[in-house]
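Visitor: Please take a close look at a single part of this model and tell me what surrounds it. I would like the account to go slowly, one step after another.

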Amino acid sequence: MSKYISLTDHEVTLLKSKLVYRKYLKGQFILQQGDVCKYACFVVSGCTKTFHVDEQGLEHIIMFSIEDWWTSDMGSFITQTPADFNVQCLENTELIMFSYDTIEELYRQIPKLERFFRQIIERAFVASQKRIIRSFSLSAKERFLYFRNQYPKIEQRIPQYMIASYLGITKEFLSKIKSQLIIEQ
């Protein structure tokens, strides 16, 4: 938070008193599709995936989150309506969690926190829009190269079939792209 706002010692103490710290095991769900998202979660350690399961039972990964990133179904959290997405731990994961009511209370008690969370949500929105543009305008190979370049710490931690789902391609096609890249080197 200190990158965006400065807090007094009193504000830090108040903030710490309101947060929830929780550990999850690999495979555990933080949120399941259809449930209301009760927490905005900051990843202290570990890795999560945010995904939607369609009517055919196919999984569509929209985001991975690692240390120092946020994870949740923000649409569900903000509107307090059923979630469109699942959030599942890919590794043992430690989170700092803020409930909806707690954040609203903190906004009143520490107004600059509202600015902080607004900036976080704005950045997430911009990243989401750019991802949509890349999915329309880049080839699968270009999307993979972008992913590899932009998120080098994630690629080594996540199974290839999940990266393929994130890129909107099959794991076989991703394997073909990777083989082609080796030949080109």
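**Strand β7 and its surroundings**

Guide: Strand β2 (residues 29-31) pairs with β7 in the antiparallel sense, and two bridges join them. Strands here are DSSP runs of E with at least two residues, and helices are runs of H or I with at least four, both numbered from the N terminus; two strands pair if DSSP finds at least two bridges between them. This is a predicted model, in which local features need pLDDT of at least 70 and side-chain atom pairs pLDDT 80 or more, while totals for chains, interfaces and linings use all residues. Residues are numbered from 1 along each chain as its sequence is written, and side-chain values use heavy atoms, without hydrogens or water.

Now turn to the two faces of β7, which covers residues 86-89. In a regular strand the side chains alternate between the two faces of the sheet. In β7, Asn86 and Gln88 are on one side, while Val87 and Cys89 are on the other. Are these four residues buried or exposed? All of them are buried, and both faces of β7 are covered. Buried means under 20% relative accessible area, exposed over 50%, and partly exposed in between, using a 1.4 Å probe and protein chains only. Across the protein chain, 36% of the 185 residues are buried.

Moving along from β2, the loop between β2 and β3 holds Asp35. Why does Asp35 count as partly exposed? The reason is its relative accessibility of 40%. Leaving out residues up to four places away in sequence, Asp35 touches Ser76, Thr81, Pro82 and Ala83; a contact is a pair of heavy atoms within 4.5 Å. Glu11, by comparison, is 24 residues from Asp35 in sequence, and their C-alpha atoms are 32 Å apart.

To place these pieces in the whole, the protein chain has eight helices and eight strands. Its C-alpha atoms fill a box of roughly 60 × 35 × 30 Å along the principal axes. Of the contacts in the protein chain with a separation of 6 or more, 71% join residues 24 or more positions apart.
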